[in-house]
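Student: Hi! Could we take a close look at a single part of this structure together?

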Amino acid sequence: MSNEDERQARTRGLAFTAKSQLLTTDDVTRAVRRMAHEIVERNHDVVSLSIIGLQTGGRAPASALASILAEISGQPVSAGMLDVSFYRDDLSRNPLVTSSATNIDHDLTDRTVVLVDDVLFTGRTIRAALNALSDWGRPRAVQLAVLVDRGHRELPIRPDYVGKNLPTSQDEAIVATLEGVWIGTREPS
Amino acid sequence: MSAIIIRQGLVVGEHVSAVADVLIVDGRIAEVAATIDAPSDAHELDARDCWVGPGFVDLHAHLREPGREAAESIESGARAGALGGYCALIAMPNTEPALDNVALVSYVLERGARTPLDIAVAGAITKERRGELLAPMAEMAALGVRLFTDDGVGVQDPSVMRRALTYAKPLGVRLAQHCEDEQLAAGGTMNEGALSGRLGLIGRPALAEELMVLRDIELVRLTTAPLHFLHLSTSRSVQMVLGARDEGLPVTFEVAPHHFTLDEGACASYDPVFKVHPPLRSPGDVAALRDALRRGVVDAVATDHAPHAPELKDLVFDEAPAGMLGLEHAAALTFEALGPAGDPRTFFQVLSRGPARIAQLRENDIRVRHSAHGAAMVSGEDANVTVFDPRSHWSVDRNTLESRSMNTPYDGRAMSGRVRATIAKGRLVVDQGLLT
Amino acid sequence: MDRYEGAVVIESIRGRNLLSLDELSKEAIVEVLDTAESFVEVNRRSIKKVPALKGRVVASLFFEESTRTRLSFETAAKRLSADVLSLAVASSSVKKGESLRDTIATIDALGIDAVVMRHRSSGAALQVSRYVPHVRVINGGDGQHQHPTQGLLDAFTIRQLLSERHDTTGLESGAALFKGLRILIVGDIRHSRVARSDVAAYATLGAEVRLCAPGTLLPEDVATWPVTVASDFDDALAWADVVGLLRLQSERGSGAFVASLSEFTFTHGLTVERARRMKPDALIMHPGPMNRGVEIDSRVVDSSRAVVERQVSNGVPIRMAVLYLSVAGSGEGQTR
């Protein structure tokens, strides 16, 4: 895990213990490539997209998607990062996470925003992201790309592009990065 | 009045202590002997493993009447005193209006006579305690007032203090001083030091007290009039007065339980219950006071019992009035400070015999119908007796105090030693630790 | 101001009161500075609002008048979408002598999550926190004791300006830029809660702090502070990387502590000649409002204007960070 992720996990006071690796680096690379093609197929016009990664887990996947999209289409792709800590509605359940930077240097109006995150679980992070986005402008449409969908949704949120569907139980934990996907547990450290 | 027989306590005399029975009849100690055949109707008091000695005398109690009865009255103060083992209280004159004339002194004496204790009065030195013009000390002395002070503040002007001492001497009365130079004290609210700086509170430097102690020692030397130093709180103050006493100057001093139990660290909570003048001092000062107590060189322990209505102690630290309660806990705190090797004679010396001598209560006073206090514990003496249980363990609850006020700094504190019985003028006022 | 025996060192203000900077560890202070970075960004957007404290009620209780600080706190609360109950008590019917307990109980009965307090008496915020332990208390200045958010925004401003200069970001630098940084504080330190908070913040972050003032305006206990007292003002100015000036209240310069305001300017005013002795890129800071011609010459003010304006504008993100960490970190719904 990156330093940033470790810092975030430490802040939550939880440490991840892997039980097994479900996807290798190659598996993830292939999945991301495939998602990029799906995005092009559905949206045709890459220039009107805005690939926004959610801090912190969606940052690397968003970067990867943006550069593959630029490579495939031969055109520049707008990208950015969004921190949603201030928009969460479940602060009492999840301990405060140190906020990170939001960096969106272009206008979102009339664009199709593709939110990118590592793991889709209850859907509350995405809901917070939708709230945050509404303070940034009025995109024409919002789509969602995730490396892993692990189920257990608590809100009516569904992903448009999925790297891997992984049914899990509530008390299991998933770590999904460009290096691979692991399943395990999160215990207070 | 029926008889009281106190069984098998350690009877603490002036020089010798021994386990004995004490029989009290008609307001007097009738007999002190190894075993006594008491009259059948005598009230039996089991004092085994307890100390039996002369009832305590508080040189320094603020009974707030007249003027601030919401905080305390002479009657409620007397009850609090009795629970604390006191048979006599000296009521301080910083009431509203101040006790600076015979009318008000008579009022307090009269109200005090209705309580089971002997309530004596300390009159003001100056009119309205303003430190400028002398109050009618001779007139007040004729009523039996033996101690005069402007307590709350000291007499700031040295020429006024000199004149007061010179005037008081031939009257045979004693002046007492709250030593703090108000200018140096600069309106401070706690001891001046590193802590006051950190807390952002203006400090009262130790020098404000010590400078006035030094001044008054020299004024005593000049006038040869006796002077009693109220609530000395610093190591240096005590050293200076001990030195003066050793030189033969007619000076005495008292220490207050809060000054030998708590230090300035308590103020870090900004709880106004710890605000007092002179303020709680450094740990070194506290240690010095405790050491002086143990060495037996302290003349008296005096409570400086200062009740304040609860809403006043709810104000911010700066605005709250200074002062804390003391009557109900002085004995236990003195016992604790004397330590496990503490001599019961020292205990009764500082709580009873010393103050009785300073307040001139050793003889009974027909004018005010006060009995004699600080007894040697022999037959014939007035029966002002306190039974103290050194093995009692208890804790303080501010909600169950006898005082009308609640500003005790000891709430929740574990205490060792408790007054089991108080016999004032031959009457059993407190039994089993409760008012009768 | 060394950690005294038994001091509780707070590692984070999440879900806690902010009463005094001398209780905070370096990590706690850096956490506030880092969180404030995000709010600087929020304050640059066209919609300068986030829903982090939506549904929470923040009361602002200013027993001592201060329009600037009160507005800064209230703006911070509103930008977090909190509801604000504003009580400028100094001008209300609350008189001196009314129990603090009664005043706070009345407000608490309306249901509040946090109170921002300023009072002329040291320790007032701590006393209030004991009356309402379920409410988060933010000290906006208590007597001569502490003004924590001022200390934090001053440290934040220094970090911000120095990281721009070193082409890094505040977040990346953490507390590194303070290590060995030379900070001089000048003026009425004795009576200043800002000075106490500043010294606590700077010393904890690792800076080297010197104080310079007329003898009567130094605190009695300065020997226990983590600072050095500079006897020569000109040498100290040449030494410093940052010079923090304090406001001299006119009543202090009326003869009791210092003979006159002009005497103060003569010994410790930042005049044009003295300003020339400073390092060319040294920062001049002031918590405001400035007494032009007393602690600082008008012409010097203009050259330091940019820094002082940063201090003022950083007030809102710092206060947003404090409110966010303290209140949002308490968990929802506990007071309602």
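Student: How far apart do the C-alpha centres of domain 1 of chain C and domain 2 of chain C lie? Please walk me through chain C from there.

Tutor: Happy to! Please keep in mind that this is a predicted model. The C-alpha centres of domain 1 and domain 2 of chain C are 25 Å apart. Domain 1 of chain C is made of two stretches, 21–146 and 315–330, while domain 2 of chain C covers 148–313.

Now look at where these two domains touch. On one side, 25 residues of domain 1 of chain C are in contact with 24 residues of domain 2 of chain C. Three elements of chain C each bring at least two residues to the domain 1 side: α1 (26–42), β4 (136–142) and α11 (298–327). Of these, α1(C) gives the most, with eight residues. Sorted by class, the domain 1 side that touches domain 2 of chain C has ten nonpolar, eight polar and seven charged residues.

Next, let your eye move to the neighbouring pair of helices, α5 and α7 of chain C. The axes of α5(C), residues 148–165, and α7(C) come within 8 Å and cross at roughly 45°. That angle is why α5(C) counts as oblique to α7(C). The crossing of α5(C) past α7(C) is right-handed. From α5(C), the contact uses C:Pro148, C:Gln150, C:Gly151, C:Leu152, C:Asp154 and C:Ala155. From α7(C), the partners are C:Val194, C:Ser197, C:Asp198, C:Ala200, C:Ala201, C:Tyr202 and C:Leu205. Taken by class, this helix contact has eight nonpolar, three polar and two charged residues.

You will meet α7(C) again if you turn to chain B. There, 24 residues of chain C are in contact with 17 residues of chain B. On the chain C side, α3 (100–108), α4 (124–131) and α7 (193–205) each supply at least two residues. The largest share, three residues, comes from α4(C). By class, the side of chain C that touches chain B divides into five nonpolar, twelve polar and seven charged residues.

Finally, step back to the whole chain. Chain C has eleven helices and nine strands. Its C-alpha atoms fill a box of roughly 60 × 50 × 45 Å along the principal axes. A compact globule of 336 residues would have a radius of gyration near 20 Å, and chain C agrees with that, having 20 Å.

Note on methods
Residues are numbered from 1 along each chain as its sequence is written. Chains are lettered from A and ligands numbered from 1 in the order in which they are written. This is a predicted model: local features need pLDDT of at least 70, side-chain atom pairs count only at pLDDT 80 or more; totals for chains, interfaces and linings use all residues. Domain bounds come from an automatic or database domain assignment. Two residues are in contact if their C-beta atoms, placed from the backbone, lie within 7 Å. Helices (H or I, at least four residues) and strands (E, at least two) are DSSP runs, numbered from the N terminus. Ala, Val, Leu, Ile, Met, Phe, Trp, Tyr, Cys and Pro count as nonpolar, Asp, Glu, Lys and Arg as charged, and the others, Gly among them, as polar. Axes are lines fitted to C-alpha atoms, for helices over the stretch in contact, and angles run from 0 to 180 degrees between N-to-C directions. Angles under 35 degrees count as roughly parallel, over 145 as roughly antiparallel, 65 to 115 as roughly perpendicular and the rest as oblique. A crossing is left-handed if the near helix is turned anticlockwise from the far one by less than a right angle, and right-handed if clockwise. The radius of gyration is taken over C-alpha atoms; the globule rule is 2.2 Å times the number of residues to the power 0.38.
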